[in-house]
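This report goes through a protein model from its overall make-up to a few individual residues. Please keep the sequence and the structure at hand while reading.

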Amino acid sequence: MAEVGRVAVSGPGSRLLPGGFWAAVAVWVERPQVANKRLCGVRLEARRSVSLPPTGHTHLRPSAGPEPQRLAEAGGCGPDAGPGPVRRPLDGGPGPGPSAGPDHGRQEAQGRRQPEEEPREAAAAAAAQLSGTPGQPGQAAAREGDLPAADLGALWDAFAQSLAGDNREMLAFLTRTGAGSPPEGRRELDLLLRTVIPKTNPHCPLRGPRREMVVQDVLNGAVTFLPLEEDDEGNLKVKMSNVYQIQLSHSEGEWFISVLIFCPERWHSDGTVYPKPSWLGEELLARLARWCVESRQSGFKSTLSLISIVKYSTTYQALKEKYKAMVKVWPEVTDPEKFVYEDVAIAAYLLILWEEERAERGETARQSFVDLGCGNGLLVHILSSEGHPGRGIDVRRRKIWDMYGPQTRLEESAITPNDKTLFPDVDWLIGNHSDELTPWIPVIAARSSYACRFFILPCCFFDFVGKFQRTQSSKTQYRGYLDFVTEVGSACGFHVEEDCLRIPSTKRVCLIGKSRTYPPAREAAVDEERTRYINSRRGRPRSPRSGAPAPLPPGAAPSSSPGPEGHGALDAWPAHTAEAGAPAGALWLSGFQPREKAERLRNCAALPREFVDRVVLHVARLLLGKGSPAGGSAQAWNRGGSLSLAEVAGELDREMLRRLKRECGGLQTLLRNSPQVFQVLHGHVRIRDWREERPWKQEEPEAKRRPSSDTFKTRICWFFAHHPDGCVLPADCCPFAHGPGELRPAPRTKKKPAL
């Protein structure tokens, strides 16, 4: 065996050990794609606890489960032996915790030993986690190709017999003992079977999934990865190559994490599932060391937890190849790389989700859908092209809609939540960055039909009416908003599930309502509860029947205070139900405003040029007044001083401030839109000194002197026209024109060829 890497873990975060070590190991076991970008993920197939008795026993058998009392009595880890410095027994810590990952802020292992926790309690907590409590994170997911726990036990039994026979070196490697020092007493291990799934790559030969048996020795602080292979009869057996182990040790008051390879001369690197040993000892080890001392808790689930990762990987690559040409012809001003591949990933997720739903229900007809607030319509185009009947609705038509063809149904219309905005014949409602419609989609789905489901990918934070405002400082605004939308779905009678997509966005958590919490016969009663909940989100809820204050649903706030998350809404027409007597098409909650059909620019770009020039000149004079006049000397050119944006705003007149407040970003945006004159950094603004920019040297060859931008000398230099000392640069070095004689015609905008 050989140690390929070792790193000391120190600092304030080391107090989390040994629990933090197992949380870090859980990332590598359950989400290795976080570290190895060539992997798509893993499928956890089976988990069980086994016992490893001393080598004096002739037969090693799987146990029914861990023995908490035995673990508690053990207290520490095994004997001090093995490679590396002398180790003393590790404190009894917890076992592998729930799946977590640094991409969302890693979650600590549950049951991590606290300073006041007794070793017996810590070991018992470890045993509880090792047993894989149903429904808890860390339990092996049940997906296609699963191996029953009994078969995993038989696989271990065959391997364990070889350990007791002629494979003593592997036994010593597993137990961190010397070859001549057999383990004393029974050893409880946590056994996990996983399938590692590489990313499919059209440029490289397809590498199939690889199965591994992961052996976690909690009390000894070691986890060993055993590759599996199939024999001629299709039976699994352990390979002796590519076996490696991650260890936690404690020596002279310091913690160490190390990676060891059982048989270096038999290590075969495939560049995907099994990287080079140097990668394990450097890249992986560095990440593990960092993860195990992070204490941030995650409020999100692991990615793609509700669907098959194998199917998703294959589908995503196929869709990416099929629709990647959209990037080259994208007519919108948005980033094509981001939007095309993001919608491809969302489509791949929905296709697999719906495929698995059809299998569960025993149906063959493809699900229908409506995408509310469909935007560019690409998601609708992909889903329709893949055989799902559906349409998209958005308040504003996009240029790209004309490219899709008649088979992609896109409608330009405003959606207002009322009795006329229902879709009784649709299977799924989609809200992909649906903004103000986001909290209404579960309501619309619930009232459309009992069979209607929903998929929401929230982005901007909206309540039923107006912006969503959080009041709980213990949660991020994003987490609070996801909880609010989940609450809406639950109040509407859905079992709401949460998953994390693999898309190039910081807002990638989706919420899914596939089934109801009540039978169809209770639809009328549940709809009254929905109405009361919606009304509870405003200031003065009224009864659906009488207009009097209505009783609030459990957990809802009284009318004198905000709703469950601390938000009120405007007075509403009470009721969707027929008993309420509301006219057809009545608003479910007054005050809702769909977005404007014409998207108004609010980035100061639409402000009158005369107004912008007046503000720029006023601010420049304020800054120049903080410097000393130079009398025209270029060496002593007045670069002015620096002011905070608040100080500048205090010097503007009321009319200027009123107009700027109507724009997104206000004063700061206007100043950033004038980069020739100002530099805005960390809330302060100053005059730009062009001597600090990279100069254009005339002595360079003509080809290099040619400006990189077509806008060279197409605008008058502001400093030449307005600065009391003129421009700090000579005319031949300034990218702007020093007078009308230097002006060049502005280049024509190149039009995209017609498609």
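A residue is called buried when its relative accessible area is under 20%, and exposed when that value is over 50%. By this cut-off, 52% of the 755 residues of the protein count as buried. The model is a predicted one.

**Overall make-up**

The protein contains 19 helices and 18 strands. Its accessible surface is about 34,900 Å², and carbon and sulfur atoms make up 51% of that area. Among contacts with a separation of 6 or more, 67% are between residues 24 or more positions apart.

**The largest nonpolar core**

In soluble globular proteins, nonpolar side chains tend to be buried together. Here the largest nonpolar core consists of 44 residues, and Tyr349, Leu350, Leu383 and Phe455 have the most contacts inside it. At least two residues each come from helices H7 (309–323), H8 (336–361), H9 (378–385) and H10 (401–404), and also from strands S12 (428–432), S13 (453–457) and S15 (509–516). The most is given by H8, with 13 residues.

What does Tyr349 touch, leaving aside its neighbours within four places in sequence? Its contacts are Leu304, Leu306, Ile307, Tyr312, Phe455, Asp499, Leu501, Cys510 and Ile512.

Helix H9 is mostly covered, with seven of its eight residues buried. These are Leu378, Leu379, Val380, His381, Ile382, Leu383 and Ser384. After H9 comes Gly387, which has a positive phi near 105°.

**A three-stranded sheet**

Strands S16, S18 and S17 form an open antiparallel sheet in the order S16-S18-S17. S16 (642–644) and S17 (678–681) are the edge strands, each pairing on one side only. From one strand to the next the twist averages 25°. Between S16 and S18 (residues 684–687) there are three bridges, and the two strands run antiparallel. Ser642 is placed opposite Arg686 of S18. Helix H14 (residues 609–624) packs on this sheet and touches S16, S17 and S18, its direction making about 85° with that of S18.

**Loop residues**

Are they buried or exposed? Leu304 counts as buried because its relative accessibility is 2%. His682 counts as exposed because its relative accessible area is 71%. The loop holding Leu304 runs between helix H6 (277–291) and H7, while His682 is in the loop between S17 and S18.

A further loop residue, Val426, lies between strand S11 (409–412) and S12. With a relative accessible area of 11%, Val426 is buried. Leaving aside neighbours within four places in sequence, Val426 is in contact with Ser368, Phe369, Val370, Ser449 and Cys452. The C-alpha atoms of Val426 and Gly390 are 8.3 Å apart, and the two residues are 36 residues apart in sequence.

| Residue | Relative accessible area | Class |
|---|---|---|
| Leu304 | 2% | buried |
| Val426 | 11% | buried |
| His682 | 71% | exposed |

Note on methods: Residues numbered from 1 in each chain as written. Predicted model: local features only at pLDDT ≥ 70, side-chain atom pairs only at ≥ 80, totals over all residues. Heavy atoms only, no water. Core = buried A, V, L, I, M, F, W, Y, C linked by side-chain atoms within 4.5 Å. Buried < 20%, exposed > 50% of the residue type's maximum accessible area, 1.4 Å probe, protein only. Helix = DSSP H or I, 4+ residues; strand = E, 2+ residues; numbered from the N terminus. Contact = heavy atoms within 4.5 Å. Pairing = 2+ DSSP bridges. Axes fitted to C-alpha atoms, helices over the stretch in contact; angles between N-to-C directions. Areas by Shrake-Rupley, 256 points an atom, 1.4 Å probe, with all protein chains shown as cover.
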